[in-house]
Amino acid sequence: MSNTEKTFVVENMTCKHCVANITRELKENDDISDVNADLDSKEVVVTYDDEKITSDEIINTLHEIEYEAQLKE
């Protein structure tokens with residue numbers, strides 16, 4: 001297992017419900033070990049096994065639940 005931590009910017013995360021929804025959806029994936037969504041910064045820090053899932057797959061998961069996400073540079 002190779003854990004990687006990446007930060008994603010989610011501009012349309014606007015309320016506590018969004019934070020809960022994003023956290024719940026991402027934590028359903030067994031390859032993601034930790035999710036920390038911060039409403040004030042509109043950032044989601046995700047720790048995941050980069051041998052099993054990619055940052056693009058995480059972005060796609062967020063898009064599927066109507067959130068526009070991009071990898072923070």
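# Exercises on a predicted fold

D31 is found in the loop between α1 and β2. Here helices (H or I, at least four residues) and strands (E, at least two) are DSSP runs, numbered from the N terminus. Keep in mind that this is a predicted model, in which local features need pLDDT of at least 70 and side-chain atom pairs count only at pLDDT 80 or more, while totals for chains, interfaces and linings use all residues. Residues are numbered from 1 along each chain as its sequence is written, and side-chain values use heavy atoms, with hydrogens and water left out.

## Exercise 1: a loop residue

Task: describe the surroundings of D31, and find out which residues D31 touches.

Solution. 
- Step 1. Begin with accessibility. Buried means under 20% relative accessible area, exposed over 50%, and partly exposed in between (1.4 Å probe, protein chains only). D31 has a relative accessibility of 23%, so it counts as partly exposed.
- Step 2. Now list the contacts, where contact means heavy atoms within 4.5 Å. Not counting residues up to four places away in sequence, D31 touches Y48, D49, K52 and I53.
- Step 3. Finish with a distance along the fold. D31 and N3 are 28 residues apart along the chain, and 9.3 Å separates their C-alpha atoms.

## Exercise 2: the order of the strands

Task: work out the strand order of the open sheet, then say which strands stand at the edges.

Solution. 
- Step 1. As background, strands of a sheet pair through backbone hydrogen bonds, either parallel or antiparallel.
- Step 2. Go through the pairs. β2 and β3 are antiparallel and share six bridges; in one of them, D34 is partnered by T47 of β3. Strand β1 (residues 3–10) is joined to β3 by seven bridges, again in the antiparallel sense. Among the partners in β3 are V44 for F8 and E43 for V9. β1 and β4 run antiparallel with three bridges, and V10 has A69 of β4 as its bridge partner.
- Step 3. The four strands form an open sheet in the order β2-β3-β1-β4, with antiparallel pairing. β2 (32–38) and β4 (69–71) each have a single partner strand, so they stand at the edges and one side of each lacks a neighbour in the sheet.

## Exercise 3: a strand residue

Task: decide whether T47 is buried or exposed.

Solution. 
- Step 1. Apply the cut-off. T47 has a relative accessible area of 14%, so it is buried.
- Step 2. Look at its contacts. Leaving out residues up to four places away in sequence, T47 touches N3, T4, E5, I32, S33 and D34.

## Exercise 4: two helices

Task: say how α1 and α2 are arranged, and which residues meet.

Solution. 
- Step 1. Take the geometry. Axes are lines fitted to C-alpha atoms, for helices over the stretch in contact, and angles run from 0 to 180 degrees between N-to-C directions. Helix α1 (residues 16–27) and helix α2 (residues 55–64) pack at about 130 degrees, with their axes 10 Å apart.
- Step 2. Classify the angle. α1 is therefore oblique to α2 (under 35 degrees is roughly parallel, over 145 roughly antiparallel, 65 to 115 roughly perpendicular, and the rest oblique).
- Step 3. Name the contact residues. I22, E25 and L26 of α1 meet I58, T61 and L62 of α2. The residues of this contact divide into four nonpolar, one polar and one charged (Ala, Val, Leu, Ile, Met, Phe, Trp, Tyr, Cys and Pro count as nonpolar, Asp, Glu, Lys and Arg as charged, and the others, Gly among them, as polar).

Key: Two strands pair if DSSP finds at least two bridges between them.
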